[in-house]
Amino acid sequence: KQDFWNDYYNILVTTGVWSMKLSKQFIKENRLDYVQFVTQKNVEKYQQTTVEQLKQAEIKLNQHKQIEFGQSIDLQKLSTIILAFVRKGQHKLSVDFRCKKSLLRFDTNDYRLVQAFYDLKPSTDQIISAKIIWQATMDKQQADQNVAILKKRLYIKRLPASYNVLDHSIDNIEKMVQNLALHQDESATILSRRQKMIGQFKYDMILLEISTSEQIARNHTNIIACEKKKTIQSAGEQTSIPKSLVCILNTISSRQSNIIKRAQFITNRKMSFFRRSSDGYGRKPSGWNNHRSNKLKKFSHIRLSSPIIEVAPYPSFNYIQYLANGPPFIPICQSHFSNLSIDARITKQYEALVDSFKNSFHDNCVLGSDQRANDFFAAIKDLLLISHTTPLPPKLLARAQYEQQMIKTIKRIRDKHNIIIRRSDKSKVFHLASANSYHDKSLAYMKKTEAYQEIQSGINPIKDHYDQIVALLTPLLNKKAINFNIWKQYMYPKIQTIELPHLYFIPKPHKIGTPLRPIISMIRSPAIGISHFLDQFLRPIFDQATKQTMFINDIHFVRRLEFYQSIGRLTSKTNFITFDVTDLYTMIPRNGALVALEEFLNERATNGRINGMTINTLMKLVGAVLDTNSFAYEGKYYKQIRGGAMGSPFTMTLANIYMLKWEQSLIEHQKAHNELYGRYIDDVFMTTNLPLDQINILLDGANNEDENINITRSVGSTAEFLDVSVFNNQGQLKTTVFHKPAAAPYILPFQSDHPRHVHRNTIKGALYRAARLCSHVKDFDEERLHIELTLLLNAYPPKFISYHFKQFFRQNNAMSLMVELNDDTYRQLHHKLIHLPTRRERQQQQQQQQQMILDQNELGTGNWNKKEIRVHFNYSSGPMSDFPQKLRQLWKKYYIYPGSRMNNVTLKISSRTNKSLQHLLVKKKPPKSMLINVNSTDI
């Protein structure tokens, strides 16, 4: 305190603030009224008072030292405690006084800079401009501070207290769901919907508040720029700015800089008071339906990716918060709770690494068994041993134990109450419902589609399927009737590993009543190899044949729309048509699909062959896939008698070929009218400039053409297709990212046990997608803010987000967009990125290149690169996180030296992740005894 008042006195004397005679009106007009300096007389009084207080404190301390203490007191321990206590208090006071001193310097500088400005004798217009610039700078800094604090609150899970009012005051639902007339599952569904609606409303309000503050800040930036430009233009048409004006501008800028630094100092000071809330890792999780333990905490945060709950008992906040991490989330440090011993885990990873290195050594004529190799492999084993045996840091261990306990409790409740946990369709959030509701809905679906028939014998048909596949493949392979450029040996069924497919359903909560989508898991089906083969064989042919009428993804869709506009077809009267086909996979008739496929193949065959294979052979393979579409479900065996199995790789290609035949009349109509037509699986988009009555006649005819295809359509000047919102604004095209109202947004949480590059790519991918889909800069900025807030809600650190946002704009030469929403700059960015090939397009290009090789009957040489070593390790936070860096150091130590054969070989280290919550919590596979009913000794 004594030091502070001494500094206060010296600073004000040095800067001459006390000697300035400024009127109250002058102080107010120049915005100097935010601070009131202590007078010189009062400072001297405080200095004297502080000296007296210090003397009194020293007297009392000396008197206290004379007191006799009893023998029972440990004076050394007491002295240590007192010293620690005093130093803690001193530190707090020291920080507080340093803050006051820094603000004092900013404030005195402000007075000095204002006085310096008026000493230059500026004109009346220059004074007005200076005042506007300074005021706008202060207001901009205030807006920036509001944004920074709100974003910080989102990150630390501490929303403003005013938002808590929303949880209680706007409805009476919490009391209503206790009514005995409601079933428990109905009550849980209502509570879940209520929580999501309130969470979405809070998010929308914060989004609006932040976007408004950002717009205010941008507007003030424009005001500042305009006033500076006006001041410069006041000099007239002179070739150079007069020296006097330069001095005035510099003084204005100096005070502006001081205002900014002062505001940033205050913002940082306020931000330092916020602390990220505890995630409860240090304590045992509360009960599943213990709602009292977290009654207040649940209102402090927003989780847009919260699970959709349609079953009782309704979980407490802790479990909702954990399930909100989503199916892709990977719990931390799972290997420390593995049933495998440390030796077994090390041996497994060690052998995989050694095999990868030895294969590369062989390819590059390097010994894999000499002393150098043995020392290298021994060093790898030591590195693995250290990584697996080093204890976890206490905080990491506490979190890992907490997560393991959460998972065990969720599994126990799931089994006890017969709850089905699934990943919801169209999003990556969990859905919880009762097994009874799944049973009722699945039976209703089977009855509606008539696509499944129960096998009345109750005998597992897998042996018959195996015999059928073997009987078909063996002679074809012996006669070399199958193209071996695509065929892989693992596609041949093995009796030791095959399993009967099983049916499960995923919910569609974005639709009324939460209907179910059937999926048949065929990963070990006897016919899965043939299905993969047919998909790899026929999909490139189909893609090539339909490249003008199929959309690859939403980015390709926007690209086609912009081309449609560029050729002058988009007018103020243009309407957009969208429709989707109901239950396409299960509704296509088997015979109709086979006829469509055979026609498709005949049109593209040369001498009855495609890529060396006869159409007859291909049709036999297709028939085998369709004939073996049997599965287990709820203790019974079924056969699919209609459509294709969702889960079989070839099903989508077959459905696409069937749709290609059906849509020909629409395609020809659109070509004749020079309009756009495109399809993505079962979703179609069209443009039209015809009257609506003519369009309705066309669509009615298409809907009546095939009894198996029913379409649901929408026509208008706006449309939502894939993940894009499309608008026709009086002949001007506008596209933005479409967020389905009922689909929960999801981004992988930062705390998921993924390598950090996954989180980096999450940010990069989201920004690239936004820049490609948004045609206008304001829409892009809204999506940019939505991405940023979603990242903050998922615990991405603000500095991490800021760094990678800047990287995106810097790499694309668009840094100015972070400050000013310039239409021309954004148009260049959008045009550049929209025409870059997407990952799916690159994959198609590779498939087409392979297809060209097959058409020329060339031998496939594969993509093996002998100058590249690819090794994999199991990633986990903690000691294993820096394993790649240490392995690379070992590689350089032993094999990178002058004259080494491995100098030009690139080591690429990839990571394998542990099990996600999807694998740990979702239970959909029937007992193995239901799937395996083959005695291998009989064959």
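## The annotated domain

Helices (H or I, at least four residues) and strands (E, at least two) are DSSP runs numbered from the N terminus. An unreviewed UniProt entry annotates residues 487-734 as "domain: Reverse transcriptase"; such annotations may be inferred rather than shown by experiment, and their positions are given in the numbering used here.

The model is predicted, and local features need pLDDT of at least 70, side-chain atom pairs count only at pLDDT 80 or more, while totals for chains, interfaces and linings use all residues. Residues are numbered from 1 along each chain as its sequence is written, and side-chain values use heavy atoms, with hydrogens and water left out.

## The second largest pocket

The second largest pocket has a volume of about 1,400 Å³. A pocket is an open set of points on a 1 Å grid over the protein atoms alone, where a 1.4 Å probe fits, with protein on both sides within 12 Å along at least five of seven lines; lining residues have an atom within 4 Å of a point. The volume is the space filled by probe spheres set on the points, which are joined across faces, edges and corners.

Of the 36 residues lining this pocket, V147, A148, K151, E788 and S802 are the closest to its centre. Two or more lining residues come from each of α5 (124-156), α8 (184-233), α9 (243-271), α25 (777-793) and α26 (798-811). The largest share, nine residues, belongs to α5. By type, the lining divides into 17 nonpolar, eight polar and eleven charged residues. Here Ala, Val, Leu, Ile, Met, Phe, Trp, Tyr, Cys and Pro count as nonpolar, Asp, Glu, Lys and Arg as charged, and the others, Gly among them, as polar.

## Aromatic rings

The structure holds 45 aromatic pairs, that is, rings of Phe, Tyr and Trp (its six-membered ring) with centres within 6.5 Å; planes under 30 degrees apart count as stacked, over 60 as edge-to-face and the rest as tilted. The F542 and F600 rings form a tilted pair, because their centres are 6.3 Å apart and their planes stand at 45 degrees. This pair links distant parts of the chain, with F542 in helix α16 (residues 528-545) and F600 in helix α19 (residues 590-604), 58 residues apart. F542 and F600 are both buried, a term for under 20% relative accessible area, with exposed over 50% and partly exposed in between (1.4 Å probe, protein chains only).

F873 and Y875 make an edge-to-face pair, 6.4 Å centre to centre with 70 degrees between the planes, and both residues are buried. Ring pairs also join F357, F361, F376, F377, W891, Y894 and Y895 into a cluster. R756 lies over the face of F750, at 4.0 Å from the ring centre; this requires NZ of Lys or CZ of Arg within 6 Å of the ring centre and within 35 degrees of the ring normal. K734 lies over the face of F727, at 5.3 Å from the ring centre.

## Backbone features

Most residues other than glycine have a negative phi, and most peptide bonds are trans. The peptide bond from A312 to P313 is cis, with omega near 0 degrees. P313 is placed in the loop between β1 (308-310) and α10 (317-323).

R31 has a positive phi, near 55 degrees, and is found in the loop between α2 (24-29) and α3 (40-65). With a relative accessible area of 27%, R31 is partly exposed. Phi of K157 is also positive, near 65 degrees, and K157 is found in the loop between α5 and α6 (166-169). K157 counts as buried, at 6% relative accessibility.
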